[in-house]
Amino acid sequence: MTERLYYTDAYLAQFDATVLARADEGRRIYLDRTAFYPASGGQPFDTGRLGGIAVVDVADEGERIAHLLASPLGAAGRVHGQIDWARRFDHMQQHTGQHLLSAVLAELFGLATVSVHFGRDGSTLDLDAGAISPAQVADGEARANALVWENRPVTVSFEDAGGAGGLRKAPDRSGELRIVTIRDLDRSACGGTHVRATGEIGAILIRRVERVRKSVRLEFLCGGRAVRRASADHELLTRLGTLQSAAPDDLPSILETQRAELKAAASARRELEERVAAYRARELYQAAAPDAAGVRRAVVREATGAPDALRALAQAFTALPKAVLLAAVGAPPSVLLAASADTSMDAAAVLRAALAPAGGRGGGSARLAQGTV
């Protein structure tokens, strides 16, 4: 059995222990005690050094904790462990911040947290809700940060599941529970590492809200991560403002104006393309001699071409009576076949039959089909 030192002291960054067992040629180490946190409860594992060798993974194997090393550790005996403190404290900020944020959302709006994930760059919590409004997100974030500033104590206790009251989520097992308490706000059964007071969480920033199946997912950042992200956002806004020769606060109105102008320009361009296609289609139609059945056929070959432009030409050509157009483009390699309704031709069927012997494929409708070979 491995004694889990982080259960009682999350701030323990160095420790000494005895090697109980070795596996994988000395790359998998089991100790009598450890401060290394294994991946559990959504929180990532600690890294650091054990006996001077880098710890690359820490796995919870029930009664024992396995330390996976970058290279073999020598013979069994006493060994010194050192936690990567920057990584550990970052995880402590994110995890405690999640407890606080989940408690606030439950307190203000009755929204229960159903799952949590702590990532390298951001963390998420999923709420048992169909939706959450922007106003609720803003209010939740503001309340969470106000509680950070109050610097409420965060304590750890060990209690029997049968007598542990006031838990935000009912325990799913019996026996002794490790309870993390934020004074006058939250009590949760949790085996993770946490800060001593809410002030150490630092700023809490909700970055994004999205719908995931039947839940609402919030992406959030705490402490150093929030500060770095806010700084990066500020730098980005400053750069965009410089490009627009405007203050960052003026960017929304400027971008909205540009968006409207682009939309109008795109509409005008499409109209012009349709007019050009109509003129070109009439020229091709008049230049094509009708066959005995009165059908006019035109073939267009281009080195390059935009699919939309060719489709516009094909539609304009086959809007004329008894018309069939075949267009081939070199880059990207494609072929298009279109036929007016009065030709009785099924363009999709004809194109598939023509391409199949050469290993090509295509599809579309009886009036217009496109393929590659």
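Predicted model: local features only at pLDDT ≥ 70, side-chain atom pairs only at ≥ 80, totals over all residues.
Residues are numbered from 1 along each chain as its sequence is written, and side-chain values use heavy atoms, with hydrogens and water left out.

**Exercise 1. Describe the largest pocket and its lining.**

Step 1. On a 1 Å grid over the protein atoms alone, a pocket is an open set of points where a 1.4 Å probe fits, with protein on both sides within 12 Å along at least five of seven lines; lining residues have an atom within 4 Å of a point.

Step 2. Take the volume, the space filled by probe spheres set on the points, which are joined across faces, edges and corners. For the largest pocket this is about 960 Å³.

Step 3. Look at the lining. It has 32 residues, and Gly41, Ser188, Ala189, Cys190 and Gly191 lie nearest the centre.

Step 4. Find the elements, which are DSSP runs numbered from the N terminus (helices: H or I, at least four residues; strands: E, at least two). At least two lining residues each come from α1 (85-109), β9 (113-118), β12 (176-182) and β13 (186-189). β9 gives the largest share, five residues.

Step 5. Sort by class. Ala, Val, Leu, Ile, Met, Phe, Trp, Tyr, Cys and Pro count as nonpolar, Asp, Glu, Lys and Arg as charged, and the others, Gly among them, as polar. The lining holds 13 nonpolar, 11 polar and eight charged residues.

**Exercise 2. How do α3 and α4 cross, and which residues meet?**

Step 1. Helix α3 (residues 224-244) and helix α4 (residues 251-287) have axes that come within 11 Å and cross at roughly 55°.

Step 2. Name the angle. Under 35 degrees is roughly parallel, over 145 roughly antiparallel, 65 to 115 roughly perpendicular, and the rest oblique. So α3 is oblique to α4.

Step 3. List the contact (heavy atoms within 4.5 Å). Leu237, Leu240, Gly241 and Gln244 of α3 meet Leu251, Ile254, Leu255 and Gln258 of α4. Five are nonpolar, three polar and none charged.

Terms used. Axes fitted to C-alpha atoms, helices over the stretch in contact; angles between N-to-C directions.
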